[in-house]
Structure formats: C-alpha cells, structure tokens
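Have the viewer open as you read.

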Amino acid sequence: MRSITIATILALSATACTTMEAVPLADTANPARMVSPILKSPESEDTQTWAEPERARVTHVALDLDLDFDAKRVGGTAMLDVLAEPGADTIVLDTSGLEITRVTDGSGRELPWEIESMEETGAKGEPLRITLNGARTIRIDYRAPADASALQWLSPEQTEGGVHPFLFSQGQAILNRTWIPTQDSPGIRQTWEARITAPKPLDVVMSGVRQGEPEDLGNGRRAFRFVMDKPVPPYLIAIAAGDIDFAPIGPRTGVWAEPATLPRARAEVGDTEEMVEAAEKLYGEYRWGRYDMIVLPPAFPYGGMENPVMTFLTPTFIAGDRSNNGLIAHELAHSWSGNLVTNAVWGDSWLNEGVTTYFENRIMEAVYGKKRAEQEAALMYANILETLDEVGRDAPGTALSTDGEYELGSAIAYEKGAFFLMTVESIVGRERFDAWLRQWFDNHAFQPATSEMFYEDMMANLVRDEAEAERLTLREWIFEPGLPENVAKPDPAAFAAVDAAVAAYSANGAIPTGYADWTSAERQRFLDNIPKERSAAQLAALNDALGLSSTGNNEELFLWLELALANRYEPAVPQAEEFLARVGRAKFVRPLFATLWEEGEWGRPIAQRIYADTRPSYHSVTQAGVDRVLASD
Ligand code: BES
Ligand code: ZN
C-alpha cells in the first residue's frame, strides 16, 4: 500500500565534520535581519539544488507579484540580498520554467545572466547564473509559467462557494523554484517579504505575517503585504488566495476558510490553542508569533503543510468530532521540528517528519490522554511492519537517513522515525529525553541539521555512558535498514477489544456490535486488520451493519473504498468515482487508483475512465503519483 523509494545508504563517516559558520547573526547591512549559518560538511550537501551557497548565497527575498487568474500566472519582481565570499562574482539560483526578462542590481544597472539549459534535469530545473559585478542586491523581473508545479489554480467549480477562483502553492520539497527564483535548498535559510496584488474580492494569505489592511489600488485589485523576519528555508514560502474568511480561536490562533466551510473548520480545530500550550510546555516557547491555519479546497494534495504562521490543511480531515486532528498536532509540531530545526538535505527528512510524528504523539497525549496517544502509536507501528513486510527488512530505503528521494506516506521517515525517539525515551526515561530534545531545538534554532549532527548531539548531551550507548544502538537506528531489536513496542492492550472483535469476525463472521461507539482509531484498526479477501455478500453485510459507506470520516471511508475495490465490489464504484472527482489528496487518491490498477482487467478500465476525467483537477503532485501508477504493469 505504501510506496518507498529504494535508495542506497549514504556512506557516512562517524567523524564527519559538522562545522557551522556561527550561530545566527545580524545582517550587517540590515542589522535587524537575522542571517542563519549554512553547513559545510559533506553529508549536508544538497544534490537537489544548483546553488553554490559557500560562494554566494541569498539571505533575503523581497517579492512584488501580481496574481493573474485569467492567465493563471504569477509575475513581477524578486529582489534578493546576497552574501558573497570575497572573490565570488557569480551567484547561482534555482529556477524551473521561469520566464526571466531582466536582471539588474539594486540601482537598476543590468547584470549579465544566463539560464544554463540542461538535458533532463526534471524537477531540479535549471540553474540561473548571475554575474554580480559587486552587487549585493539583485532584482529579477520574471513570470512563472502557467503550469508551475508549485501552484494550483482552481476554477470556481473546484471551490465550495463555486463563484470565485482559488490559488494555493505547495513548496515542499523542491517545487518553489517554479514560482520564485531563489536558492531553493532546505539548508539555505532566508528572511522574506512580499507585496502581492489580487483581484477583488479575493483575500491573500501567506506563510508570513500580514502587514496592516490591504491597499485598494482602484483598478479592481488590492495589494497585500507580508513579512517573515525569521530566516526560513525557501520551501516554506507559501501563498493562498480566494474568497476566504477568518475565525479566531485563541489569542494567537485562528483559522481561514471559504465562508461555506468556515463554521465546520472552526469547530474541528477548536483545540488548537490548547495544543500550542501543550507543545510549549513540552519543548519550549512557540517562536513564530501567531499560529493560524487555512482549510483549503479538497484539491489540496496533502493532509497538511506546516507553512510558518499559516498551516495549510485539507478539508478532508474534518470529521465533525475532531478525530483526525492529530493532523493539527503534527503540523504544529513542525514549528519546532522542521521549521526551527530543518533537515539540511531531503534524504534526512526523518529529522523533520519523524521527530514531528513523535512530538505530535506527545501533544496528543498531553491534550487527550494516554489512551488516544497509545492507540495512534499502535496504528503507526502496524504501518511500519506492513512496509517492512512489503519491501523487506534489508531494503536500503528502510534506513532513516537515505540519499534517496523523499516520498510522502513512507512509514519509514514518519513512523520508524517516531519509534526511534520513543525507543530512546523508553531507555533513558522521559525526563532526560525531554530535556535533551528541548536543548536540541534551542541550540539549533533557525538552523539546518543532519542525521550525523543528531547522532553526535545525542552522544554528547544525552547518552550517559558506554553501557547506555550499547543499549540504544543509535547508529543502527539512524543508518541501517530494518527495525532494531530494542524497539519500544506499542502497548498490546491499546486495541485489546478491537483485536478480539477482529478475531471473532475472521473466525465466524461475527460483526461487532459496539462499532458505532468505537473511536476512529479503533475503527481504522478493525478495517485494517479484517481479512482482505471478502465476497460481495460479505462486503454488503459489513456495510449494512456498520454504515461504512456513509461515514463522515474520510480516513474510514478511504479504508472502506480500498477494501471494496480490492474485492471488485461493483456497488462501491460510483462512490469511489465521486470521491476521486472531489478529493485531490494524494494519500487517498493514489492508493485508490493503485488498488483499481491491481485489479487487472476489472479495475484498469475503471481507473482509466475515472482518471481521464479527474486528472486535470489534481495538483501536479497528485498527478505525478497517479501517472506513475497507471504507467506500471
Ligand atoms: N510536510 C508534510 C507534507 C509534505 C511531505 C509535503 C513531503 C511535501 C513533501 C506534512 O507535515 C505532513 O507530513 N503531512 C501529512 C500529515 C500527517 C502525517 C498527519 C499528510 O499530508 O498526510
Ligand atoms: Zn509532516
């Protein structure tokens, strides 16, 4: 079910240097601006950027862009502040498909530039090399292409309101180079500001703090201003525009959504302020000021994206009972793991996602109690085992630190990463572990990090002695495939009642009577574990008794549709079709197409027929995922 990119392990040496220039310092030209250091160790080298940051790097980005909903294009200027080593007279930026018309210095003098055209660079795009001639500010006039893969332009029909168009961006991992010419690497942090114009009555939000009221330009458009004064990796620059309203939650929390969605959205995220408080109690001050969210139209390709001060969310997490709000805890936790301390290279994405998944579980425990956290952890553990069974315990892609591409949905970065930290916690004790993780965030705040640094920091600041080091097996956890022996297994009692119900159903078809009162995690456990092969009569009986096809919880609906399609259950096809036409979330869409695809002569024509209709409505990320499925044998 879950796909993994198989990759070979980086040959890392234990003594690799992890030198940093310094802690964040003030920009000498702009004393108020913080400049983050870059890493120079071999394992921190990002192969997915064209930038040569040790020679010249971008420290600040100022965008002035117009949103053109008719042409579906973003265009304007980017002013970049540059920090160059003595003697470095060129700077290299990442671009992909950008139409550059002019490059000048801060005072309007033309600067020589070229886009090296390369063969088959794929998502990495093309390097833009600019001759600096001493300039420390450069201005680029450009337009993003209409098919910029970071951007999705929705027609009014793809919104809840149905009247106005919508735009959102998705930068992670290397998509922002399709609309912003900068150094698009997670290890090269930049502060930024933006002025964005959009047609009335659309509102614009970004992953920076909105400055004052929008300015009416008198031509049917308004200008919005944003500032992010903390250095962030450029994949975290994000924008959304549409007919949206805001509802406050707590003093520093709130939610944006289309007017028709806002009340349901507001109700679902009602515990957010409490979650922020719980997170701060665990691992230190929330450093970004406000924590707002936007619930996007269902085309958004992910569950959530941790854009600073403005988490982006799918509306498909709304269940009416907050049962899927582990998603909020997750994106919030990224405000520490990911946004404050960032993987320097995408092969170390477990540093973002695994640490976040651990932190998410701790927030859930603090806000909802041990039982819910234990159940969610048990679901994660089952996912790890399923993945390892599928790809094999010695598959190199099952190491936390890989040099492979990063794919969402891999149980390795997320769930194996989380179980690594749970295991360490169980060995050293919660108190010591929490103190260690808090200092990790504090000491690396606004800086990139690598697996090697994480390991060395644990050795220096957590591990007490040789005997403890031996029990922890840190290097095996981080650098070796499979699952170490010492893994802290989830409490088998977490799902005792459900597991008994699964056994009864599997043995004699007894359908559980308590299902309606179960938690969503319990229902997912049941649907995950019942026999995969079911007859049409058995599926009909199950659906009649449990109301599976009429659940308001999309995680459960997804599991039902997957089970039904895998058994060629015709009555489920129209609902699957409706779901795939409405929802663009890759985590649901790709596996449903994969399930159909696996069903050969029955499923393939159905998949092709549905995809012919729905493909244009998906984000490029989802399209790419499904394209791969439908191209496989
Ligand atoms: N940062 C990720 C989303 C992402 C990952 C975007 C990789 C692009 C490339 C986000 O925090 C995330 O993990 N989202 C999950 C939520 C979940 C695990 C609770 C999702 O979208 O399903
Ligand atoms: Zn995440």
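The paragraphs below cover the ligand sites and then the strands.

A word on conventions: this is a predicted model, in which local features need pLDDT of at least 70, side-chain atom pairs count only at pLDDT 80 or more, and totals for chains, interfaces and linings use all residues. Residues are numbered from 1 along each chain as its sequence is written, chains are lettered from A and ligands numbered from 1 in the order in which they are written, and side-chain values use heavy atoms, with hydrogens and water left out.

Start with ligand 1. Around it are 16 residues, of which Gln-172, Gly-303, Glu-306, Glu-331 and Tyr-414 come nearest; a residue is near a molecule or strand if one of its heavy atoms lies within 4 Å of it. By class, this shell holds 6 nonpolar, 6 polar and 4 charged residues. Here Ala, Val, Leu, Ile, Met, Phe, Trp, Tyr, Cys and Pro count as nonpolar, Asp, Glu, Lys and Arg as charged, and the others, Gly among them, as polar.

Now zoom in on individual atoms. An oxygen atom of ligand 1 lies 2.6 Å from a backbone N or O atom of Gly-303, and a polar backbone atom of Gly-304 is 3.2 Å from an oxygen atom of the ligand. On the side-chain side, an N or O atom of Glu-353 sits 2.9 Å from a nitrogen atom of ligand 1. The protein buries 89% of the 530 Å² that ligand 1 exposes when taken alone (accessible areas come from the Shrake-Rupley method with a 1.4 Å probe; for residues, only the protein chains shown count as cover). Two or more residues of the shell come from each of β21 (304-305) and α3 (326-333), and α3 gives the largest share, 3 residues. Helices (H or I, at least four residues) and strands (E, at least two) are DSSP runs, numbered from the N terminus.

Which protein atoms are its donors? They are His-330 (NE2), His-334 (NE2) and Glu-353 (OE), lying 1.9 to 2.1 Å from the zinc ion. Donors are N, O and S atoms within 2.8 Å of the metal (3.2 Å for Na, K and Ca), and water is not among the atoms, so sites may look incomplete. Along the chain the donors follow the spacing H-x3-H-x18-E. His-330 in helix α3 and Glu-353 in helix α4 (residues 350-368) are 23 residues apart, a pair that links distant parts of the chain.

Next, the sheets. Two strands pair if DSSP finds at least two bridges between them. One open sheet has 3 strands in the order β5-β8-β7, with antiparallel pairing. β5 (90-95) and β7 (113-115) stand at its edges with a single partner strand each, so one side of each is left without a neighbour in the sheet. The twist averages 20° from one strand to the next. β7 is joined to β8 (residues 126-131) by 3 bridges, and Trp-113 has Ile-130 in β8 as its bridge partner.

Strand β9 (residues 137-143) runs antiparallel to β4 (residues 73-84), with 7 bridges between them; there Asp-81 stands opposite Thr-137. β9 is also joined to β6 (residues 99-105), by 6 antiparallel bridges, with Asp-105 opposite Ile-138.

Finally, look at the open sheet of 4 strands in the order β10-β11-β17-β13, again antiparallel. Its edge strands, β10 (151-154) and β13 (203-206), pair on one side only. β13 meets β17 (residues 239-242) over 4 bridges, and Val-205 has Ala-240 as its bridge partner in β17.

Note on methods. A polar contact is a pair of N or O atoms within 3.5 Å; within protein, one must be able to donate a hydrogen and the other to accept it, and residues adjacent in sequence count only if both atoms are side-chain atoms. Axes are lines fitted to C-alpha atoms, for helices over the stretch in contact, and angles run from 0 to 180 degrees between N-to-C directions.
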